[in-house]
Amino acid sequence: MLKPKSSNIPKPTRYQNAAIDYYMGLTNSSYLHYGYWEPLPTQGEELTLTRLRVAQESYAAKLLSFIPESIKTVLDVGCGIGGNAAYLCDRGFIVEGLAPDALQQERFIKNTNSQVPFYLTRFEDFHTSNSYDLILFSESSQYIAALDLAQGAARLLDSGGYLLLADMMRSDDEYQKGIFSNCHVASELQAALEQAGFKLIKTEDISTQVAPTIDLCVDNFRTFGLTTVGYNAWMGYLGGERDVVICSTNSQHLSMAGETF
C-alpha cells in the first residue's frame with residue numbers, strides 16, 4: 001500500500017502521528033494508548049514509566065470492563081502495535097486487528113505472537129465475510145468520518161452486536177481549525193451512530209484517571225528533551241477532550257468512555 005504524501009495528510013493527523021512515535025519510544029510498551037491511573041497518584045508522588053506501563057494495562061482492563069459477557073469475537077480497529085489485541089486474546093476472545101500502517105503491522109504481529117490476524121487497510125476500505133460481536137475503537141475513531149464509522153460498524157456487526165469506543169472528543173463544534181479539529185464532536189458522533197441503528201447504553205468520562213499520563217510525558221520531555229516539532233506535536237495531541245462509548249446493534253449497542261482535558 002502506498003503511503004499518502006505528507007502534504008496530503010491533514011496537519012492534525014501529522015501532529016498526532018508524531019505524538020504516537022514519541023509516545024511509543026517513551027513507553028517502550030505494546031500499548032499506544034494512555035494510562036488509566038487508579039488509584040490516582042497522590043500530590044507530590046513521582047510519576048514513573050514503570051507506573052505508566054501499569055496504568056496502560058489498567059486502561060486495557062477498563063476497556064474489558066465495558067465488554068458484555070456474551071462477547072466472543074472482536075474487531076480491533078486502529079489496533080496499533082497489538083497491546084489491546086493480545087490482552088483480549090489472552091482472555092479468550094477471538095480477535096482480529098485492522099490498521100493502515102505497515103510499521104504497526106510488524107510490531108502487532110510480534111506482540112501478538114502471530115496469533116491474531118492483521119488486516120493492512122483503512123476501516124473504510126475493509127470488506128470481509130466475517131461479522132463480529134464487538135468492534136473496538138481505542139483512540140482511533142478520530143481518523144474516520146463519523147458516518148463512515150457508524151455505517152461501517154453497523155455493516156460488520158452481528159445483530160445485537162456492540163461498538164466500544166474510547167477516544168478524544170470535542171464538545172465545541174466551533175473548534176474547527178486547530179490540531180484537535182479531526183476529533184469528533186461528541187454530539188455529532190452520537191447522532192451518526194443513532195442514525196445507523198445504535199443505542200447508547202453506557203458512557204463514562206475518564207479524564208481524571210488519564211490526566212497523569214500527560215504530566216509524566218511533559219516531565220520526561222523537560223528532563224530528556226525533544227525537538228520543538230515533536231514537543232508541539234505531543235502537546236497538541238494531549239490537549240483535547242476524550243470519551244468512551246459502548247453501543248449495540250439490535251438496535252446495535254453503543255458504549256463510550258472518554259477523557260476530557
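N113 is exposed, with a relative accessible area of 57%. In this predicted model, N113 sits in the loop that runs between α4 (102–111) and β3 (118–120).

**Another positive phi**
- E139 also isn't a glycine, yet its phi is positive, at about 60 degrees.
- You'll find E139 in the loop between β4 (132–138) and α5 (146–156).
- E139 is buried, with a relative accessible area of 8%, whereas N113 is exposed.
- E139 counts as buried because its 8% falls under the 20% cut-off.

**A cis peptide bond**
- Look at E38 and P39 next: a cis peptide bond joins them, and its omega is about 5 degrees.
- P39, one of that pair, belongs to the loop between α1 (11–27) and α2 (49–66).

**I67 and its partners**
- I67 is in a loop too, this one between α2 and β1 (73–77).
- Here the residue is buried: I67 has a relative accessible area of 11%.
- Setting aside neighbours within four places in sequence, I67 is in contact with L88, F93, L134 and L164.
- Take L164, one of those contacts: 97 residues separate it from I67 along the chain, but their C-alpha atoms are 7.8 Å apart.

Conventions. Residues numbered from 1 in each chain as written. Predicted model: local features only at pLDDT ≥ 70, side-chain atom pairs only at ≥ 80, totals over all residues. Heavy atoms only, no water. Helix = DSSP H or I, 4+ residues; strand = E, 2+ residues; numbered from the N terminus. Buried < 20%, exposed > 50% of the residue type's maximum accessible area, 1.4 Å probe, protein only. Contact = heavy atoms within 4.5 Å.
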